[in-house]
Amino acid sequence: MNIHVLHKLSYSYSEAVSLDAHTIYLQPKASPHQRLLGYSLVIEPTPTMLVQNVDAEGNHQQTAYFREMTDRLLISVEMTLVSNAFNPFGFVLFPFETERLPFHYSASLKKYLQPYLVREGVTTYVEQYARHTAASVRWMTVPFLTTLCRTIAQDYVYERREVGAPMSPEHTLIGRKGSCRDFAQLFVACCRSIGLAARFVSGYLYGNVLQENDLHAWAEVYLPGAGWRGFDPTEGQAVGNNHVYLAASAEPQSIAPLSGTFRGRARSLLTTEVVVGIG
């Protein structure tokens, strides 16, 4: 199928300001199952320079530089991707002992995966929750991931928050509610608590009315023999071809869709529009 995405971010300022460099993470990454058919980026005011980068974690990064004063900033992205169906469990864990938890990554892998093993957000309560889930499936690796994913989706209340930082994993665990970002970070913390390399992913989702008009977030886990594999604890299932992958990071705050600062005394107002459909 072809997925079409329109994403607009519009800032208005109460008086003219000077814009510093702005970093944009709104261009999809390459995937074996998805291919970009068309992509356009409109920035107003027109930047004096737009630099296309690949960041330290392999994400497409665009940096815009400005000179003129302005009372508004518009970022508008439109994209169409062909997204082919695939079996998210079409892999073999190797070495075979990694089929059970806990296991150790090889020394050669671990040096690359270290940022995704940092136990940030892992508290005693989070680790106990993860270990209880693992024990319920006899410490089998893939059943742990699918059960954790499904349990969060079934037992937690989804809430959409327009503003505000994500909740800590323990806060989400105790409150049994959160946004897709909160669920993704809880999933990542649970995985890291038992030694699985995991990272946060930002993108879009087609087919869920709660998510089609907003950015979506999920998690990826590095599995030996399978590489990075996506799990969506908001949906309660492994990531398939209805997800559009923008960026992934060990630190969610580093891949915000748009980040930057302005100089001046103005007040700013942000409005957003996201539309995901079949195109």
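Which residue stands opposite Ala219 in β9? Select Phe200: Phe200 is the residue facing Ala219 there. Keep in mind that this is a predicted model.

**Start at β9.** Select residues 216-223, which make up strand β9. This strand is mostly covered, with eight of its eight residues buried. Now show the side chains. His216, Trp218, Glu220 and Tyr222 point one way from β9. Ala217, Ala219, Val221 and Leu223 point the other way. Both sets are buried.

**Step to β8.** Select residues 198-205 for strand β8. β8 and β9 pair in the antiparallel sense, over six bridges. Pick out Gly203 next; its bridge partner in β9 is His216.

**Cross to β10.** Select residues 227-232. Strand β10 pairs with β9 over five bridges, again in the antiparallel sense. Click Val221, then Arg229 in β10: they are bridge partners. The hairpin of β9 and β10 has three residues between the strands. Stop at Gly225 in this hairpin, where phi is positive, near 90°.

**Zoom out to the sheet.** Five strands form an open sheet, in the order β11-β10-β9-β8-β12. The pairing is antiparallel. Select β11 (237-238) and β12 (243-249) at the edges. Each has a single partner strand, so one side of each is left without a neighbour in the sheet.

Select residues 141-155, helix α3. Helix α3 packs on the sheet and touches β9, β10 and β11. Its direction makes about 30° with that of β10. Finish with residues 180-193, helix α5. Helix α5 also packs on the sheet, touching β8, β9 and β10. The direction of α5 makes about 15° with that of β9.

Note on methods: Residues are numbered from 1 along each chain as its sequence is written. This is a predicted model: local features need pLDDT of at least 70, side-chain atom pairs count only at pLDDT 80 or more; totals for chains, interfaces and linings use all residues. Side-chain values use heavy atoms; hydrogens and water are left out. Buried means under 20% relative accessible area, exposed over 50%, partly exposed in between (1.4 Å probe, protein chains only). Helices (H or I, at least four residues) and strands (E, at least two) are DSSP runs, numbered from the N terminus. Two strands pair if DSSP finds at least two bridges between them. Contact means heavy atoms within 4.5 Å. Axes are lines fitted to C-alpha atoms, for helices over the stretch in contact, and angles run from 0 to 180 degrees between N-to-C directions.
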